[in-house]
Amino acid sequence: MTAAATVSTGSGPGRSPAELLRRLRARSAADPVTHVERVPPRPGVPVPWPEWVPPELRAALERRGVVAPWRHQAEAADLAYDGRHVVVATGTASGKSLAYQLPALATLLADPRATVLYLAPTKALAADQFRAVAGLELEGVRPACYDGDTPRAEREWIRRHSRFVLTNPDMLHHGILPGHAHWSGFLRRLTYVIVDECHTYRGVFGSHVAHVLRRLRRQCAGALRTSAAPGPRRPATGADGARRTPTFVLASATSGDPAAAAGRLTGLPVTAVTEDTSPRGGVTFALWEPPLLPATADDPPQDLTPTRRSALRETADLLADTVAEGVRTLAFVRSRRGAEVVASTARRALDEAVPGLGARVAAYRAGYLREERRELERALLDGDLLGLASTNALELGVDLVGLDAVLICGYPGTRASLWQQAGRAGRSGGEALAVLVARDDPLDTYLVHHPEALFGAPVEATVLDPANPYVLAPQLACAAAEAPLTPADLELFGDGAKEAVDALVAAQALRQRPTGWYWRHRERPEVDLRGEGGAPVCVVESATGRLLGTVDGGSAHFLVHPGAVYLHQGVSYVVDDLDLADGCALVHAEEPDWSTHARDVTSLSVVSVRSSVDAGPVRLFLGEVDVTSQVVSYQRRRLSSGEVIDTRPLDLPARELRTVAVWFTVTPEALAGAGVEPADVPGGLHAAEHAAIGLLPLVATCDRWDIGGLSTALHPDTEAPTVFVYDGHPGGAGFAERAYGTAAAWLRATRDAIVECGCETGCPSCVQSPKCGNGNNPLGRADAVRVLDVVLANLPDGT
Ligand SMILES: [Zn+2]
Ligand SMILES: [Zn+2]
């Protein structure tokens, strides 16, 4: 199946997506399409402008082409204008920014004292939003970006004069809150806090951001208390004392229960607006499973030997084929190197067919300058470019929609991201094609055989856990360094705050006085929102001494061990040395033809049980565990084929992790009764563990790399055959808890994914894991199904 066979020109965009799909699937011998879903077009629902929108704002928006708001925009804006905390959670390009711009800008125009704070997860997105607000040219708003790049000379002007400050949570945490004395005028008058793309605040990072927002609320209240000057003229309504809380307006991608997630993030009651009333073109959505490769009968199956054609190759061929048809296509690929492989493979195939045609395909990734990004976007929209292979850099805030086809290479991890990527396809009034190409991964395998899990199911909830003591304690230290903590503050920071403060006192970080808890040190606590588990490791280019970036301490052994291939903004480096004492990895630029995959060995002990389900021969637990792991070797794998080149040993120290785990035990008698021979128990448990980790993202917004596992035929703490699955972050990030809460559904999907894989003895699409510390040995595919059948037969359904 190559583009070389057929090249047609000029007829592409006019052809229906169904016809295009028919031609694509006709090119393989075995039909790779497992399901086709037709997503119907939707008309938009415009409504009149809310009456409180002042004429000059309305005129400015109309000049920009916004003639009337969609209903969901007006609904969210009305709630926010009434002082209700609101989250608008709708699809890509549904105009969420108007929902917060309307109340924020109307208030700034009506009340010359009011101020607005806007938070985005990235500087680039804040810069885009700045241009949108500044472009309205409204009198007296004076929008300004305030981030790490803002020159010192401009900072004071911004603090004094800007009324619409755009920043990110890191800057709020490192710059604005510690310097709150300089910001008291701004904070006292703060009327709206806008939290854009709030679904990105998940896991440990999300838990940190939740406390940064609580610290912000505390400083707003503090600024009001210490000043005789009046606050905003139109106070936020609500319960007693709520006057001191600015109104939060959050924007989210479509997500499950957005009101609850936004409530956890802000610590406030939040109303959700979720019905998308913007217009959308129809999409034909195909699920595509790359064909099995012919079996090599003479060799015994080797660890991680690919058994299917790789998703990258398949996506590159599809991209070449759609471009050859004259169809404007965007391919999403998970890694930067992968995006480049897809683009270059497609270019080669096209040039073979028609010399010069390859030039109409390009790669796109994060790290490009804004001008370069805009140039590529313009070329694609104009049709100068027909194909673009991108990482998910496009997911955040880039205005590229209305394509004829979108290819998604590998499930992006969440249904929310899937819909966000597919949402790039479909011009209004037009019809488009979206294709999800399954990777060698149990979750991908499950999804292409269970379309109902993609098309019928609600999108997943954003998971975060502000009560994680490893997040709560450092955040309380930051809060105390900003202003002494009082008993009332502890309520603000929620469950576990008192225990965390007591621990900080015992550790001599805080001193208790009659008026509260005081930070004892001169230096501020050093807390990184995005990293965890030890000080970050600097990545330095040896030849130039240039600092390329940092890797958090928890992942350094995996990512920058000697010999590792490390990617930075699309450029590939190889690590020469990892100096753990200095916290520094030395690298040189090199583009080898392989990727590296670290291996570790792990032991685990149970510290305490939080909750359990007793189901006869099966028991299910949630609790704290201590995990000891050591990265001992790494594998080199050929980029194009995934084939293993070799495994090399490493000499790195062991590390400890206290975290949260979910685990189940099955009695040996029940296993024997299900036909699992005693000698096959380890392989069955191990295979079930791998697949269960692979399927966990189905129920929690995590990546399989956030999760670890351990299985054993006899564990000293449980005295039974046991499978453990644990959060890879100190203190847990909420993933294991979520798995415990949905255990029956999670393990049923795990079982189905193994059963439905077409392989014979287990492969990367079902039970093999790319991060297995044991080289995927022993591994029993059929026994894993028997183990899970016993578990599911006993576990109550709603578990
Ligand atoms: Zn398989
Ligand atoms: Zn393993």
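Analyst: Partly exposed means a relative accessible area between the buried limit, under 20%, and the exposed limit, over 50%. The model here is predicted.

User: Where does that put Arg648, buried, partly exposed or exposed?

Analyst: Arg648 has 34% relative accessibility, so it counts as partly exposed.

User: Which strand is Arg648 in?

Analyst: Arg648 lies in strand 24, which covers residues 644–649.

User: What does the side chain of Arg648 make a polar contact with?

Analyst: With the side chain of Asp646, at 3.3 Å.

User: And which residues does Arg648 touch, leaving aside neighbours within four places in sequence?

Analyst: Ser633, Tyr634 and Arg636 are in contact with Arg648.

User: Switching to the metal. Which residues coordinate the zinc ion (ligand 1)?

Analyst: Cys757, Cys759, Cys763 and Cys766 do, each through SG, at 2.2 to 2.4 Å. The spacing of these donor residues in sequence is C-x1-C-x3-C-x2-C.

User: What geometry does the site have?

Analyst: The site is tetrahedral, with angles of 98 to 118° among the 4 donor atoms. For four tetrahedral donors the ideal angle is 109.5 degrees.

User: Cys759 and Cys763, then: is Cys759 buried or exposed, and what about Cys763?

Analyst: Cys759 is at 11% relative accessibility, so it counts as buried. Cys763 is buried too, with a relative accessible area of 1%. The cut-off for buried is under 20%.

Note on methods. Residues are numbered from 1 along each chain as its sequence is written. Chains are lettered from A and ligands numbered from 1 in the order in which they are written. This is a predicted model: local features need pLDDT of at least 70, side-chain atom pairs count only at pLDDT 80 or more; totals for chains, interfaces and linings use all residues. Side-chain values use heavy atoms; hydrogens and water are left out. Donors are N, O and S atoms within 2.8 Å of the metal (3.2 Å for Na, K and Ca); water is not among the atoms, so sites may look incomplete. Four donors count as tetrahedral if all angles lie between 85 and 135 degrees; four count as square planar and six as octahedral if opposite donors are over 155 degrees apart and all others between 65 and 115; anything else is irregular. Buried means under 20% relative accessible area, exposed over 50%, partly exposed in between (1.4 Å probe, protein chains only). Helices (H or I, at least four residues) and strands (E, at least two) are DSSP runs, numbered from the N terminus. Contact means heavy atoms within 4.5 Å. A polar contact is a pair of N or O atoms within 3.5 Å; within protein, one must be able to donate a hydrogen and the other to accept it, and residues adjacent in sequence count only if both atoms are side-chain atoms.
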